[in-house]
Amino acid sequence: MAELANTSPGTVDRILHNRGQVAQETVDKVNAIIEQFGYKRNILASNLALNKKFRFAVFLPKSEKLEYWKSQVDGIEKAAQEFSKFGIVLDYFFYDYNLASFKETVKKVMQFPCDGLLFAPIFYEDSVLFLKEYQQKRIPVVMIDSNISEENEHAYVGQDAFQSGYLAGRLISFAVKNERHVLIFKIAREIESTSVYLQRINGFHSYFKDHDELTNFKFSEVTIKDSGIDQLNLEMFSGVNSVFVPNSRAYIVARFLDENNIKGVRIIGYDLLNENIEYLNKGVIDFLINQRPEQQGYFGINYLYKKLVLQEAVEKTQYIPLEIILKENYFPAKR
């Protein structure tokens, strides 16, 4: 632009930011060039020149013993490393996988000054209350794993939980001609009233409601606490042909069936945990729906980067594609 106007970059900068005295003839010439060719300020270059920092708070469950959340953190770290040169700094707020620890961590997050928040709303009711209070800060929030935002209030990166349950229903229905008994096996922690968990089950039932020609299916449910997996018994699986586990604990059912030499039961679950993969490769688990947690973490930070650093308009909802994994198409090197 300076070259077109036959003036110096400093003069153009003074005109653009209305600083200092510039001859009206030069002002008119620069404005005419802007009108003709357009002008977009290089926000990234401006940030770098000012050495501006952007602090993002990351509010997640601890990942030491939770493989799924470790993958989320891997994706977050990958994005942090990639964008660190643009002034992005991450501060982590991890909580134990229980409500008391979550509430304590909420207090710390509320007091922490930052530019953006990445949040996994595991505890539904308390997360709703937290987000309502946090909204007063007028700080962008992007959720991963679970979407509890109403009317696109906050951004979300992850799977469509309802649709993933609907997909599980379709997978259960394939190539079934005779009577089939489907067991929805809920292996729950104390907190498993999470939005994503319930949406999956709702989606699963909805598939069969929408396909009323599938009259040869009957359904039952079993719920056990994660700490009480010794409660599994042979009677639970009497007459059962298919099992849907709406979270990452399908391996618990698979292990029981394998140890008791129970064959011919189709199992569908979630997530590429090592224990799930073990039973997938053994043919005990038939299908795993992969949520791509590493991508969720990466794109969550990427959303904040685009919105705050680049100041771009970003779609508030970004669904990760539903990926069906069988033993024939699982390759650890491409995970």
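**Close-up views of a predicted protein chain**

**View 1. Overall surface and make-up of the protein chain.** The protein chain exposes about 17,500 Å², of which carbon and sulfur atoms supply 47%. The model is a predicted one, and the protein chain in it has 12 helices and 12 strands. Of the 335 residues in the protein chain, 50% are buried. When contacts between residues at least 6 apart in sequence are considered, 70% of them join residues that are at least 24 apart.

**View 2. The open sheet of six strands.** The strands of this open sheet follow the order β7-β6-β8-β9-β10-β12, and their pairing is mixed. Strands β7 (217–225) and β12 (323–325) form the edges, each of them pairing on one side only. On average, and with direction ignored, neighbouring strands of this sheet are turned by 20° against each other.

**View 3. The pairing of β8 with β9, and the helices on the sheet.** Strand β8 (residues 242–244) pairs with strand β9 (residues 266–270) in the parallel sense over three bridges, and Ser242 has Arg266 in β9 as its bridge partner. Helix α10 (residues 250–259) packs on the sheet, where it touches β6, β8 and β9, and its direction makes about 155° with that of β9. Helix α8 lies across β6 (180–188), β7, β8, β9, β10 (287–290) and β12, and runs at about 165° to β9.

**View 4. Ser173 in helix α8.** Ser173 belongs to helix α8, which spans residues 161–173. Because its relative accessible area is 11%, which is under the 20% limit, Ser173 counts as buried. Leaving aside neighbours within four places in sequence, Ser173 is in contact with Tyr207, Phe208, Leu214 and Phe217. For Phe208, which is 35 residues apart from Ser173 along the chain, the separation of the two C-alpha atoms is 8.7 Å.

**View 5. Ser127 in helix α7.** Ser127 lies in helix α7, made up of residues 124–134, and is buried, with a relative accessibility of 0%. Not counting residues up to four places away in sequence, Ser127 touches Phe102, Phe119, Pro121, Ile122 and Ile148.

**View 6. Lys307 in helix α12.** Lys307 is found in helix α12 (residues 293–309). Apart from its neighbours within four places in sequence, Lys307 is in contact with Pro140, Glu312 and Val314. Pro140 and Lys307 are 167 residues apart along the chain, yet their C-alpha atoms are separated by 8.5 Å.

Technical notes
Residues are numbered from 1 along each chain as its sequence is written. This is a predicted model: local features need pLDDT of at least 70, side-chain atom pairs count only at pLDDT 80 or more; totals for chains, interfaces and linings use all residues. Side-chain values use heavy atoms; hydrogens and water are left out. Helices (H or I, at least four residues) and strands (E, at least two) are DSSP runs, numbered from the N terminus. Contact means heavy atoms within 4.5 Å. Buried means under 20% relative accessible area, exposed over 50%, partly exposed in between (1.4 Å probe, protein chains only). Accessible areas come from the Shrake-Rupley method with a 1.4 Å probe; for residues, only the protein chains shown count as cover. Two strands pair if DSSP finds at least two bridges between them. Axes are lines fitted to C-alpha atoms, for helices over the stretch in contact, and angles run from 0 to 180 degrees between N-to-C directions.
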